[in-house]
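Biologist: I am new to this structure. Please show me how to read its features, step by step.

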2 protein chains.
Amino acid sequence: MNTQIKLAKRPKGLPEKENFAFEEGPVPSPESGQVLIQTIYVSVDPYMRGRMEDTKSYVEPFQVGKVIDGGVVGKVVESKSEDIEEGNYVIGHLGWQEYSVAEASTVRVIDKNLAPLSSYLGVLGMPGLTAYFGMTDIGQPKEGETVVVSGAAGAVGMIAGQIAKIHGARVVGLAGTDDKVQYLKDKAGFDEAINYKTTQDLHSALKEACPNGVDVYFDNVGGHISDAVYPLLNDFARIPQCGAISSYNKGGDDTGPRIQTYMVKSRVRLQGFIVSDYAKEFDQGAKHLGTWLSEGKLVYKETINEGFENIPDAFLGLFEGKNIGKQLIKVAEE
Amino acid sequence: MNTQIKLAKRPKGLPEKENFAFEEGPVPSPESGQVLIQTIYVSVDPYMRGRMEDTKSYVEPFQVGKVIDGGVVGKVVESKSEDIEEGNYVIGHLGWQEYSVAEASTVRVIDKNLAPLSSYLGVLGMPGLTAYFGMTDIGQPKEGETVVVSGAAGAVGMIAGQIAKIHGARVVGLAGTDDKVQYLKDKAGFDEAINYKTTQDLHSALKEACPNGVDVYFDNVGGHISDAVYPLLNDFARIPQCGAISSYNKGGDDTGPRIQTYMVKSRVRLQGFIVSDYAKEFDQGAKHLGTWLSEGKLVYKETINEGFENIPDAFLGLFEGKNIGKQLIKVAEE
């Protein structure tokens, strides 16, 4: 049998378990040019919240009653393609289901010996590339500059901060638990990290951590955390706006101090981006990430939950800040 | 006698007449290398509100008890410089006073026969260059794109919209009186103009005026006008953030819908700028503006109040939206 997870109904505000429906169907059969893939790792990512809405965005919304899809690493268990062999491991944009059939051309064979399978969904995959292009193309940190990263213990933020370190910047991370703060300082090489949940006066804490102001603000979260950063921006600061997770579940009720005056006063460049805009440069980005990884300049962390049935919980946990690093669900043994 | 206007005290919220003090002193005498200038035109500009605050910004704050300064066109009535002759007209950053002494090197001789004296403070001066660099460097409008300009009947907005037209864009202006709207459509060649004060549902009106969405939003105002524009931004839209006049008098109480999600979703580039960042390219910008003006591709409008004593009123009028085009005060005959 092939268990699948479908969008049961669209959420209002914070998604709940009732937004997801488990269904069972037969394992599909590949036709010519196709492969049958057994799901091993499923990626859950904050941007998926946007796809649960029925509104125009940069990716198609999930459809009610249809299988949810996202990044998946799996093993080819049957091949009717000349390009991919049975036993190959692949990464692709596939359904939240135990088995998927895909055109061979839409998945990519990955090498388990070069890097752990799971890393292709994290540091070497979409989150790593997101960090890479946001930080290098928009952030452009320079030697001695100060870089602040929000959502710093997440899959993207953790890599973004380390890339800024590689470029010689002072890096300050914002995260929501003491464990995360400790990890950023002890393992990921951040110069400072602040627990925004327990810090009473975030603006003052940031000011102390950034005595020379802020030159790059890599923002994953928006909301009141960003409010505390804007007044510290230096002239010609850059803001790679990677996400705004604090807003995703708030609908139209999300208000805060207006930011336009800061943008003019300090001549700030705030630029939203998504990783697929850089598709033509993926190879170059992956090469840099792989090199830094092999040189030990980049570390990464994963939170891996086990069991297909726990996918929705792991997704919901993203909005509670439960994960350190990349959140994955292991659905089957490698 | 030399009447001067000094900053009497810093305003809280909207400036009032009591923030200004008139004082009389002797007409100063130039020393070697200096010139004595009789003020003819004084420029008042929205950015000056920021200089009334005692906070870090891109220009020095005005000092309490000191003469306020800004753009001035005047006539040299005495010269102790070899570079400037008595009778020359000059433009410079000078005090709100009837007579100024300046180092000859800090003012620029202008030619009354090439363009009207007043235009050097408007279309050929700081506001024109602001429009030019914001629109061409950040906005980058392309043939067939849709450009929205807020504060469109102001000194900068009016020129910015016309520059977008020259680049082949559809241009929609937002202004606060029917006269302004009429001017933009009839004289300045805007495709559409909307009176934001009398339009009940600004977002819907904008949607109708911009059936293909918004590719460039040249923003002078911020506030609820901008709130209505953000949801209409197309992918890869650009926002030259020129000003945020709606916020200038609000201090810390200025809140509104958060914008980060729009920025990510549509991969928007929002960039604050000020004209002096482009100082090295002023000659090139002025050349373009002058050419367009002489070719009849660019029209401009001035609101000229008369009398030195009316400078503060004209400045305060900027925040009531009284002026169409560049607001000047004529202090003496040419």
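Modeller: Start with handedness. A crossing is left-handed if the near helix is turned anticlockwise from the far one by less than a right angle, and right-handed if clockwise. This is a predicted model. In it, the crossing of α2(A) and α3(A) is right-handed.

Biologist: What else describes two packed helices?

Modeller: Two packed helices are described by the angle between their axes and the distance between the axes. Take helix α2 (residues 126-139) and helix α3 (residues 155-166) of chain A: their angle is about 45°, and their axes lie 8 Å apart. Therefore α2(A) and α3(A) are oblique to each other.

Biologist: Which residues of α2(A) and α3(A) meet?

Modeller: On the α2(A) side, the list includes Pro127(A), Ala131(A), Tyr132(A) and Met135(A). On the α3(A) side, Val156(A), Ile159(A) and Ile163(A) are among them. By class, this contact has 10 nonpolar residues, five polar and no charged.

Biologist: At what angle do α2 and α8 of chain B pack?

Modeller: Helix α2 (residues 126-139) of chain B packs against helix α8 (residues 282-294) of chain B at about 100°. The axes of α2(B) and α8(B) are 10 Å apart. The angle makes α2(B) roughly perpendicular to α8(B), because 65 to 115 degrees counts as such. From α2(B), the contact uses Gly128(B), Leu129(B), Tyr132(B) and Phe133(B). Facing them in α8(B) are Phe282(B), Gly285(B), Ala286(B), His288(B) and Leu289(B). Six of the contact residues are nonpolar, three are polar and none is charged.

Biologist: Now the interface. How many residues of chain A are in contact with chain B?

Modeller: Count each side separately. Chain A gives 30 residues, in contact with 29 of chain B. The elements giving two or more residues to the chain A side are α6 (223-229), β13 (255-257), α7 (260-265) and β14 (269-272). The largest share, five residues, comes from α7(A). The chain A side divides into nine nonpolar, 14 polar and seven charged residues.

Biologist: In which sense do β14(A) and β14(B) pair, parallel or antiparallel?

Modeller: For paired strands, look at the sense and the bridges. β14(A) and β14(B) pair in the antiparallel sense, over three bridges. In one of them, Arg269(A) has Gln271(B) as its partner.

Biologist: Finally, the whole chain. How many helices and strands does chain A have?

Modeller: Chain A has nine helices and 16 strands. Its radius of gyration is 20 Å, close to the 20 Å that the globule rule gives for 334 residues, so chain A is as compact as a globular protein of that length. Along its principal axes, the C-alpha trace of chain A spans about 60 × 45 × 35 Å.

Technical notes
Residues numbered from 1 in each chain as written. Chains lettered and ligands numbered in written order. Predicted model: local features only at pLDDT ≥ 70, side-chain atom pairs only at ≥ 80, totals over all residues. Axes fitted to C-alpha atoms, helices over the stretch in contact; angles between N-to-C directions. Helix = DSSP H or I, 4+ residues; strand = E, 2+ residues; numbered from the N terminus. Parallel < 35°, antiparallel > 145°, perpendicular 65-115°, else oblique. Contact = placed C-beta atoms within 7 Å. Nonpolar A, V, L, I, M, F, W, Y, C, P; charged D, E, K, R; others polar. Pairing = 2+ DSSP bridges. Rg over C-alpha atoms; globule rule 2.2 N^0.38 Å.
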